[in-house]
Amino acid sequence: MARWCFRHRLVVLLLWVGALFGLGFAGSAAGTNYADVFSLPNTDSKRAYDLMEKAFPERSGDTDTVVWRVSGDLAGTVRDESVRSRIEPALAEIGRMEGVGEVSSPYASQGAAQISENGRIAYAQITFAEQANAIPKDLVQDVVDTAKDAERDGLQVELGGQAITRIQEPPTGTAELVGIVAAAVVLFLAFGSLFAMLLPLVIAIFGVGTGMFSTQLLSHVTNVPELASILATLIGLGVGIDYALFIVTRHRRGILRGMKPEDSAVAALNTSGRAVLFAGGTVCIALAGMLVMNLRFLDGVVIGTSITVVLSVLAAVTLLPALLGLLGPRVLSRRQRRRLAAAGPEPEHASGLAARWSSNVQRRPRSIATLAVVVMAVLALPVLSLRLGTTDQGNDEASSTTRQAYDLLAEGFGPGFNGPLQVVTEGGDTDGLVEGIRATEGVAQVTAAPPAQGVTVIQVVPTTSPQSEETDRLIDTLRDEVIPDAGAEAHVGGVTAVSKDFATVTGDRLPYFIGAIIGLGFLLLLVAFRSVVVPLTAAVMNLIAAAASFGVLVAVFQWGWGLDLLGLGKEGPISAYLPVIMLSLLFGLSMDYQVFLVSRMHEEWVHTRDNARAVRVGLAETSRVINCAALIMICVFGAFVLSGDSAGAMAGIGLAAAVALDAFILRTALVPAAMHLLGKSNWWLPAWLDKRLPHLAVEPRDEAEPIPDEWPHARVPAPSDGEGGGWSSAVHGFIRTTEGHPVDGAVLTLLSRGGRQLDRVRSLADGSYILSAPSSGGYLLAASAPGFAPRARHVVVTDGPLVYDVELAPEGVDAVN
């Protein structure tokens, strides 16, 4: 597939451009129909909602609020003619606007309750004909401008509500653009080439663009929340850039080692591309783990994010080889092309810094592991005070009109006015219930509306704010004590009660969700690496990363550390759905890094059976790419602080912290240190389990891969197709020291290119050995002996036996370089 895409690059490019513009045109024409469906079956708030829907089926449209206050040197109250003469014409003009259904004024005959006790604050409610997402922004802006025109010295006018929130958001795409620019800087520093820098960005744009437009179209046939588009963009940019980065890095390495661009692209897609498929599938499976929660709100999130990830992976394995074909050798920088032409192919070496760090981890595994655990434990401490809930306009930035309207209502009518409770009852005498609620501690005001179709709604205003723990306790008191004592069949609903129930349901089901995704990750790594300890270590590391990242979230958003500096409003509870979404994404992304890191270690282990060398070389050769990929993710996720959406900012900071801690502390410090301490037990797998596990190979088949000429192996004729079966050939020779002395008892192993052991022997007293080979082809010959550095070399076996002598150097040679 990679070779076809490389050769037919114009066709592939035109297909992707057509898909992007076609989906974009269809998405723009159809518009969006996002629906925030908080369906919580078998909860008290859901039963209250069902009764209210039965009694008031005509209720539709978003309800927003205009609040004004008389302050400063202006004497009097909002009832004064000087105030009414400015406010009433503005409300009348708003009521005449097309798309506005009704305006309830405090100056109407039944509007006395809309004026505060001191008479200095009042509010009017504007009911639109549509829900917030469907209201044109021009109409909302006209409403805001008309209301604000009534302001003067001493008269403050503010507006609140979901529709008003929409026009406060920064222009769409600001966060994405900032993230892409930051990622471009990191890529340019990593590659040193403008064209190589652009490749991952183009892949991410195509993946995210087609994913977002597809999600828009799907919103017309299923319930997709608006949050799904934000998270799909966030995760799509991250994985799209990272996946392309892995493939482009492998492709550039192949060209630098003397391969033709086409062969290098095919080899990169046939190795790193397979890993990308595996990683993308893992992310989608992790996202699908959200379905374990059985919350309809999350179904649309799973759909939107999974589609974007799938399309990002598809772009990486089809569009990217086509673009590599268009660029050819220009994927390298000019300096690299000049050096390649002058000096020829270069061997692959780990960078000096990466090699030194890897050696330090090997020398001091205990101290590095201890330091990493202490850092993660300190960052995880705030998670002990984690409180789930729902953010509202009280968490907006202090200068926003929605936040000021929220504060004015709390000042004039009490903190609980912004989140009233609805006690809904069907039939029976409600007087006793009303009296019982009124006598309950924590209740500021109780009002019973006239019955409709036998359903009575009692509005209860708490004395505390919607996000307060005292309000949560009041809801429990009403449900567990007041309503049963009154002998009534009633249910407590309202936005505040729904938020509490949502947090409770999420908290109850979270352990099952964590168990599902951790168990899935354990099984995948168990099959991939044929080890019990490696997946167990990965599971523990994922839990540590999750705890530390949520600790950062609690410190920032719940305790308020740095919120003013970031311009993110006021502290409050952590959104109840965020743990599920963050854990899904964190699991998928950390699996990418874990597979990329441990697969290189595993390759070295099966070649040499030397755990210390395997961990050292694996870390030295992968840490730079992992850190670069993580830095890109951090830039993309961190940019969502600018999204104007508190949920998007919370997810962005949480995921940026999670990726930073996972990549810079866990994968490059704690994981390799722990693997050094565990030694050979890292690769332990019971024999009975090994026989029963299926074989999952991310790498291509050994026999089908060409052997590049620049690899160090015996210079013999090219291998035949190897039609014969059985053990028809052999590798034999002598194993000696650098001084020419024979090595007795050295262990020699013949392995397939994928690391499967084919034969293993010990050398005789004269240093001679003989290994059986199944057929002609490329193999790996590994040799080790006490006191000597292990050695591995690629060999090519033809139709006849291959004579190959091995020389071992004394221990202490730098195996990385």
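Helix 21 (578–608), strand 12 (747–751) and strand 15 (777–784) each supply at least two residues of the lining of the second largest cavity in this predicted model. Helices (H or I, at least four residues) and strands (E, at least two) are DSSP runs, numbered from the N terminus. Around this second cavity stand Val 606, His 607, Thr 608, Arg 609, Val 747, Thr 749, Leu 751, Arg 760, Ala 782, Ala 783 and Ser 784. Sorted by class, that lining has 5 nonpolar, 4 polar and 2 charged residues; Ala, Val, Leu, Ile, Met, Phe, Trp, Tyr, Cys and Pro count as nonpolar, Asp, Glu, Lys and Arg as charged, and the others, Gly among them, as polar. Because domain 4 (363–399 + 510–693) and domain 5 (730–808) both give residues to the lining, the second largest cavity lies between them, the domain bounds coming from an automatic or database domain assignment. Its space is about 60 Å³.

For orientation, a cavity is a set of points on a 1 Å grid over the protein atoms alone where a 1.4 Å probe fits but cannot get out, and lining residues have an atom within 4 Å of a point. Grid points are joined across faces, edges and corners, and a volume is the space filled by probe spheres set on the points. Residues are numbered from 1 along each chain as its sequence is written. Local features need pLDDT of at least 70 and side-chain atom pairs count only at pLDDT 80 or more, while totals for chains, interfaces and linings use all residues, and side-chain values use heavy atoms, with hydrogens and water left out.

In total, the structure holds 5 cavities of 30 Å³ or more. The largest has about 70 Å³ of space, and its lining comprises Ile 514, Ile 517, Ile 518, Asn 542, Leu 543, Ala 546, Leu 583, Leu 586 and Phe 587. Two or more of these residues come from each of helix 18 (495–529), helix 19 (533–558) and helix 21. The lining of the largest cavity has 8 nonpolar residues, 1 polar residue and no charged ones.

The axes of helix 7 (residues 174–191) and helix 22 (residues 611–638) come within 7 Å and cross at roughly 160°; axes are lines fitted to C-alpha atoms, for helices over the stretch in contact, and angles run from 0 to 180 degrees between N-to-C directions.

How values were computed
1 Å grid on protein atoms, 1.4 Å probe; cavity = no way out; pocket = protein on both sides within 12 Å on 5 of 7 lines; lining within 4 Å.
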